[in-house]
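This report describes one protein chain from its fold down to single residues. The sequence and model are shown first.

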Amino acid sequence: MADNDIARARNLTSRLAGCRPLHPLELKQLQEQHSASQSIDFFAGEEEIARKIQAIQERSESQKNSLLSRLWAQSFQKGANDDLELQCRLLNEFFSYYLATGEHPPPASAWRIAVILRKRKEHLLEREFLLSWIKHFGNTIGNTYEKLVDRYRKLNI
């Protein structure tokens, strides 16, 4: 089981490392598109409003039943903080969502992955993972995002 977990962490690290960071203009465009897909122009015609409401409801239902939603719910269960496979799967799904919408993933899974890798004495993999994470989210404002950058810096002292 532990080997499978480590393989999943390596695969996630490779995915993050192999994917180029989104340019700020790309990120802004994705965020604007996502925001526009979630909003309703109440000055539009009734048919257009009805179509937009229907699309939003369908997307909401789809998201509710998505793998990301199921993994997110699992992450709140007892013992989930130390489940490397779950945390890697969750972060992988959040990263896919980020690439589609520009919405930054919450950093909790990245933090848990780094902690678990440290506990398992996978120091090189922890370092590689943090570097690949920072490549995408190192400039993101937020306490845990900043802690992940600090954690990586401490590994390189």
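## Basis

This is a predicted model, in which local features need pLDDT of at least 70, side-chain atom pairs count only at pLDDT 80 or more, and totals for chains, interfaces and linings use all residues. Residues are numbered from 1 along each chain as its sequence is written, and side-chain values use heavy atoms, with hydrogens and water left out.

## Overall fold

The chain has 8 helices and 0 strands; helices (H or I, at least four residues) and strands (E, at least two) are DSSP runs, numbered from the N terminus. The C-alpha trace spans about 60 × 35 × 25 Å along its principal axes.

Of the 157 residues, 34% count as buried, where buried means under 20% relative accessible area, exposed over 50% and partly exposed in between (1.4 Å probe, protein chains only). Contact means heavy atoms within 4.5 Å. Among contacts between residues at least 6 apart in sequence, 64% join residues at least 24 apart.

## Nonpolar cores

A nonpolar core is a set of buried Ala, Val, Leu, Ile, Met, Phe, Trp, Tyr and Cys residues joined through side-chain atoms within 4.5 Å. The largest one has 27 residues, and those with the most contacts inside it are L12, L84, L91, I113, L117, F129 and W133. At least two of its residues come from each of helix 1 (2–18), helix 2 (24–37), helix 5 (84–101), helix 6 (108–119), helix 7 (123–137) and helix 8 (143–155). Helix 7 gives the largest share, 6 residues.

Leaving aside residues up to four places away in sequence, L12 touches C88, L91, N92, I113 and F129. A second, separate core has 6 residues, including L68, A80, L90 and F94. In soluble globular proteins, nonpolar side chains tend to be buried together.

## Two loop residues

K121 lies in the loop between helix 6 and helix 7. Its phi is positive, about 60°, although K121 is not a glycine. K121 counts as exposed because its relative accessibility is 64%.

D41 is in the loop between helix 2 and helix 3 (46–64). D41 has 47% relative accessibility and therefore counts as partly exposed. From D41 to K52 the C-alpha to C-alpha distance is 8.7 Å, and the two are 11 residues apart in sequence.
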